[in-house]
Amino acid sequence: MTKKTSNIATRRTILKAGAGLGAFALTSGVAPLHFIREAHAADYCNKPTGKTVTLGFNVPQTGAYADEGADELRAYKLAVKHLNGEGDGGMLSTFKPSVLKGNGVLGKKVAFVTGDTQTKSPAARASAKRMIEKDNAVMITGGSSSGVAIAVQGLCQEAGVIFMAGLTHSNDTTGKDRRANGFRHFFNTHMSGAALGPVLEKAYGKVRNAYHLTADYTWGWSQQKSMKESTEAIGWKTTKTVKTPVGAGDFSQYITPVLNSGADVLILNHYGKDMVNSLTQAVQFGLRDKQVNGKNFEIIVPLFSRLMAQGAGDAIKGIFGSTNWNWSLKDEGSKAFVKSFGAEYGAPPSMAAHTCYVQTLLYANAAEMAGTFSPVGIVKSLEGFKFDGLGNGPTEYRAADHQCFKDVLVVRGNEKPTTKFDLLEVVEVTPRSQVEYDDKMLGGSLGPVNSKPC
Amino acid sequence: MFGNSVRGDWILLLVFSVVVLTLPITLAPIGAAYPDLLQKFAIFGLFAIGFNILFGLTGYLSFGHAAFLGVGSYASVWVFKLFTMDVLPAVMFSILIAGIFALVIGYVSLRRSGIYFSILTLAFAQMSYNLAYSVLTPLTNGETALQIRQLAPADRGPDYVLNLLDEDLRLVDQMFGVVEHGIPITNLFSLKMSGYPGFYFCAVLLIIGFFIAMRISRSNFGMMLRAIKSNQTRLNYTGINTRPYLLAAFVISGMYAGLAGASMAVTDPLAGAERMQWTASGEVVLMTILGGVGTLLGPVLGAAIIKYFENIFSSINTGILENLFSFLPSGLQEVFVVVVGMFVGSGWHLTLGLLFMIIVIFLPGGMMEGFARLFGLFRRNKNDPAAPAAASGEAATETSREQKTSGEG
């Protein structure tokens, strides 16, 4: 376009040079973020070829379950440290049988990428896709919502990577939506119901009318169904079940009708900030000071966590619930984990943190046992794997549905907490045999393992 | 850049196509060349192009376009569930449904203009979102999102209760005897629509969409829409009924949104209500303004920038920053990590907000105005060396206006 050439530096050349410099600065700045995909014929998706193996930690950093997500991420980072032989090793020393040596996994240093699920299925899938497609993650783990966990598990199955579910409590995750590439250490709503039933019968008797407020998505439905079954089995009646939107914030419009419904028990099938809000409001509305049918009005929160208890404050005192793990447990594994987590972050871990930490260790151990990161190998090592020393006593990964079976804790909000973390007291440890069920009960099938290259 | 000629348009289209199709290579150095993000570039580019037909040409600011996106997604997933995993029927059905939906909403909303129109569309979108989220759950599956499932058993008896949310039929596929292992993947004549093929599918849709938008923009119809933007009252006085034109523009842009929604379902067959949330509607407004309202290329550019920020900046964590600043002395490194850390990771919205403010304050015409100004500087310099180096504000608007009429893009 230029007709004459001149030796004087024109504005154009200066700008060109400037733009070039800028582009160079940008690329050199961003380059470390980018992993160049090597063109090679791998025998499975994202086979690690360098000195590191990348895991994808996909947790909610925003939304109703953000507190749990933040704690999960802390646990993942701690697990990576311990796997790489840094820190005090945590549960690596109590985990049996384990072939982990604290030198990474299969001689490769463990690296990780993180993502925000926003507690929304599409966002979670997009984030997991990025980890698989761009960062070459060989395993995805995380989630604090069953809806998200199921969506991401489906994605991992399609992509051909392993999914180690974090906190997901719906029966469906290892029930009708189970997948061969997915594994869950956390317990489920059926186990919660089965464990809570007898305890509730002992505490509140056989004649009760229950009113359910339920988070309107897969976990809430599952939780409500399980609680209905187990409470009706001990003779309770169900007055009404009401679905509430996730992240509603204000539950007063759902709590007011409870007052005049004739029910004497309120079952809150809520989790995270939703549970904190609904429970606090229910207590503020004076439900717990009420007498109905000549009985004290009671509130039950089937899935309880210490983080939620912390958020709800005094409202949780005396309230029954179930939990996967609590930091006050006195076995060697729990003590080692609490010590290590506390030293790192100055607070005890939540049950969400515990299950995520354990899942990472279990995955690493399975890879070490199989001698490969290929999904087929991992699935083979994990199916039917029996282990101990990870805080829940003897535990088994059932081969038929990739669900862990172990004892379940029934807890109660502590009336007189000694510290600000001492919020839940363990009322009963329900043995595994009482919460176990037939793997065909929940429907669904695993299908074939996807170990194809991507 | 190109004259307002037919030849110039064809060159523009050709260049655009080449640029879009080579994105997997050209974006590799900035870490954006992976299928999921590329698909998003194309899909949201399409969404923004369609939105621009309404907002850019007529000046009617719709705050509810995400509703059409969501409707398109749901329509597609239902086609996948009921009939076939082939994507073409789903795409066509989605465009149709989104168009009908836009016709209804547009018919009501276009009775008002300006802020009232915006509020009406916002209200409709919010209503659609709430319906999808908690009222029409048998159609949308609420919070869990509508998903592809395994087939219902073939040998179901007469008293079998079919739950269409949890089991699929895929009648057409079954008629052709397609065997499914687990959950099937969307395909185009048995070409899998995940990963790069999915991107190229969306890219071709984007190019077609761009071409149509270009033709609309150059047509008499487009001229009429621009006339509405510049002075609707005068048009009314001259005896022209502007409503049909507006409604047509609204429906067309709604169909674009439906197509974008369908592409989302094609690349990831899962439709959730949050796609219809007002934040999603706001996002496309941001994209269009960031790139340049009323320009052809601007919205695509804006969409790409926002999606890049959302996916890349949000994934930068402190570990990566520590590596990045490892050349600095340790004290300084920590300061840099903390300060920059506020703008990346979960703070990426902050960066985007700043960028948006800078653009709106200094370049009201978006990125395209920035390019036009740069281009204008060179031309002025070449033609008349005595011209003042810094263009005054008035001159800049003049350049941008000149740019707009003389073939933006």
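**Entry 1: chain A as a whole**

I began with burial and found that 59% of the 454 residues of chain A count as buried; buried means under 20% relative accessible area, exposed over 50%, and partly exposed in between, with a 1.4 Å probe and protein chains only. I am working from a predicted model, where local features need pLDDT of at least 70, side-chain atom pairs count only at pLDDT 80 or more, and totals for chains, interfaces and linings use all residues. Side-chain values use heavy atoms, leaving out hydrogens and water, residues are numbered from 1 along each chain as its sequence is written, and chains are lettered from A and ligands numbered from 1 in the order in which they are written.

I counted 13 helices and 17 strands in chain A; these are DSSP runs numbered from the N terminus, helices being H or I with at least four residues and strands E with at least two. The radius of gyration of chain A is 25 Å, close to the 22 Å from the globule rule for 454 residues, so chain A is as compact as a globular protein of that length. For my own reference, that radius is taken over C-alpha atoms, and the rule is 2.2 Å times the number of residues to the power 0.38. The C-alpha trace of chain A spans about 100 × 50 × 45 Å along its principal axes.

I also looked up contacts, meaning heavy atoms within 4.5 Å. Among those in chain A between residues at least 6 apart in sequence, 73% join residues at least 24 apart.

**Entry 2: around β1 of chain A**

Next I went to strand β1 (residues 52-59) of chain A, where 7 of the 8 residues are buried. Which strands does β1(A) pair with? I found β2 (residues 109-116) of chain A, parallel to β1(A) and joined to it by 8 bridges, and β3 (residues 139-142) of chain A, also parallel, over 4 bridges. Pairing here needs at least two DSSP bridges between the strands. A:Phe57 sits opposite A:Thr114 in β2(A), while A:Asn58 faces A:Gly142 in β3(A).

With helix α2 (residues 66-83) of chain A, β1(A) and β2(A) make a right-handed β-α-β unit; right-handed means that, with the strands pointing away from the viewer, the path from the first strand over the helix to the second runs clockwise.

I then checked A:Thr94, in the loop between α2 and β2 of chain A. A:Thr94 counts as buried because its relative accessibility is 13%. Beyond neighbours within four places in sequence, A:Thr94 touches A:Glu332, A:Gly333, A:Ala336, A:Asp388 and A:Gly389.

**Entry 3**

I found an open, antiparallel sheet of 3 strands in chain A, in the order β13-β14-β15. Its edge strands are β13 (386-387) and β15 (404-405), each pairing on one side only. 2 bridges join β14 (residues 395-397) to β15(A), and A:Tyr397 has A:Cys404 as its bridge partner.

A:Cys404 is buried, at a relative accessible area of 0%.

**Entry 3: B:Phe336**

Last, I looked at B:Phe336 in helix α15 (residues 330-341) of chain B. Is B:Phe336 buried or partly exposed? B:Phe336 is partly exposed, because its relative accessible area is 35%. Setting aside neighbours within four places in sequence, B:Phe336 is in contact with B:Phe325, B:Leu328 and B:Gly341.
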